[in-house]
Amino acid sequence: MKARTVRVKRNKGSAGVDGMTVEQLPAYLKQHWPAIREQLLRGTYKPQPVKRVEIPKPDGGVRKLGIPTVLDPYARWCDRESWRQPTYVDL
C-alpha cells in the first residue's frame, strides 16, 4: 500500500468522485477494511464511478482523463494479490 500511496502522491493524484484523498485512505481502511475484504472475497465489490476531467493540450485541444477513487485501484490490487479464499471441490 505504501508504494501505491507514494506513486499517487508523486503524480499529484486528485480525489475521485468520493472526494477522498490519499492521506485519508489509511484511516478509512482501518475502519472499513473488514467489510471491503469480505466484498472482495465474495466477489461483490463494486467500484465507484470514475470522475471525468478534461486536461488542456498544448495544441488547444483537450484530453479526457478518468480519475478513479483512491480506494478502487487499491482494492483491485488486493484482489489480484489473492485475497480470495480457494474454492474446494469434492472429487
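This is a predicted model: local features need pLDDT of at least 70, side-chain atom pairs count only at pLDDT 80 or more; totals for chains, interfaces and linings use all residues.
Colleague: Let's begin with the overall layout. How many helices and strands does the chain have, and what pattern do they follow?

Modeller: The chain has three helices and two strands. Along the sequence they are arranged as α-α-β-β-α. Of the 91 residues in the chain, 21% are buried. Among contacts with a separation of 6 or more, 60% are between residues 24 or more positions apart.

Colleague: Now the rings. How many aromatic pairs are there?

Modeller: The count comes to one aromatic pair.

Colleague: Why is the pair of Trp33 and Tyr74 called edge-to-face?

Modeller: Two values decide the matter. The ring centres of Trp33 and Tyr74 are 6.3 Å apart, and rings pair if their centres lie within 6.5 Å. Their planes stand at 65°, and an angle over 60 degrees counts as edge-to-face. The pair is therefore edge-to-face.

Colleague: What makes you say that this pair ties parts of the chain together?

Modeller: Trp33 belongs to helix H2 and Tyr74 to helix H3, so the pair links parts that are 41 residues apart in sequence.

Colleague: And how do you know whether Trp33 and Tyr74 are buried or exposed?

Modeller: The cut-off for buried is under 20% relative accessible area. Trp33 has 18% relative accessibility, so Trp33 counts as buried. Tyr74 has 12%, so Tyr74 is buried too.

Colleague: On to the largest nonpolar core. How many residues does it have, and which have the most contacts inside it?

Modeller: The largest nonpolar core has 13 residues, and those with the most contacts inside it are Leu29, Trp33, Ile36, Leu40 and Leu71. H2 and H3 are the elements that give two or more residues to this core. H2 gives the most, with five residues.

Colleague: Which residues line the second largest pocket, and how much space lies in it?

Modeller: About 170 Å³ of space lies in the second largest pocket. Its lining includes Asp18, Met20, Tyr28, Ile36, Tyr45, Leu71 and Asp72. Helix H2 (25–42) and helix H3 (71–80) are the elements that give two or more residues to that lining. H2 gives the most, with four residues.

Colleague: How do the lining residues divide into nonpolar, polar and charged?

Modeller: The lining of the second largest pocket has six nonpolar, three polar and three charged residues.

Colleague: Asp72 is part of that lining. What makes Asp72 buried or exposed?

Modeller: Its relative accessible area is 2%, and buried means under 20%. Asp72 is therefore buried. This residue sits in helix H3. Leaving aside neighbours within four places in sequence, Asp72 is in contact with Tyr45, Pro47 and Gln48.

Colleague: Which residues does Gly66 touch beyond its sequence neighbours?

Modeller: Not counting residues up to four places away in sequence, Gly66 touches Val50 and Lys51. The C-alpha atoms of Gly66 and Val50 are separated by 5.7 Å, although the two residues are 16 residues apart along the chain.

Colleague: One more label. How do you know which class Val6 belongs to?

Modeller: Val6 has 49% relative accessibility, and exposed would need over 50%. Val6 therefore counts as partly exposed. Val6 is found in helix H1 (residues 2–10).

Notes:
Residues are numbered from 1 along each chain as its sequence is written. Side-chain values use heavy atoms; hydrogens and water are left out. On a 1 Å grid over the protein atoms alone, a cavity is a set of points where a 1.4 Å probe fits but cannot get out, and a pocket is an open set with protein on both sides within 12 Å along at least five of seven lines; lining residues have an atom within 4 Å of a point. Grid points are joined across faces, edges and corners, and a volume is the space filled by probe spheres set on the points. Ala, Val, Leu, Ile, Met, Phe, Trp, Tyr, Cys and Pro count as nonpolar, Asp, Glu, Lys and Arg as charged, and the others, Gly among them, as polar. A nonpolar core is a set of buried Ala, Val, Leu, Ile, Met, Phe, Trp, Tyr and Cys residues joined through side-chain atoms within 4.5 Å. Buried means under 20% relative accessible area, exposed over 50%, partly exposed in between (1.4 Å probe, protein chains only). Rings of Phe, Tyr and Trp (its six-membered ring) pair if their centres lie within 6.5 Å; planes under 30 degrees apart count as stacked, over 60 as edge-to-face and the rest as tilted. Contact means heavy atoms within 4.5 Å.
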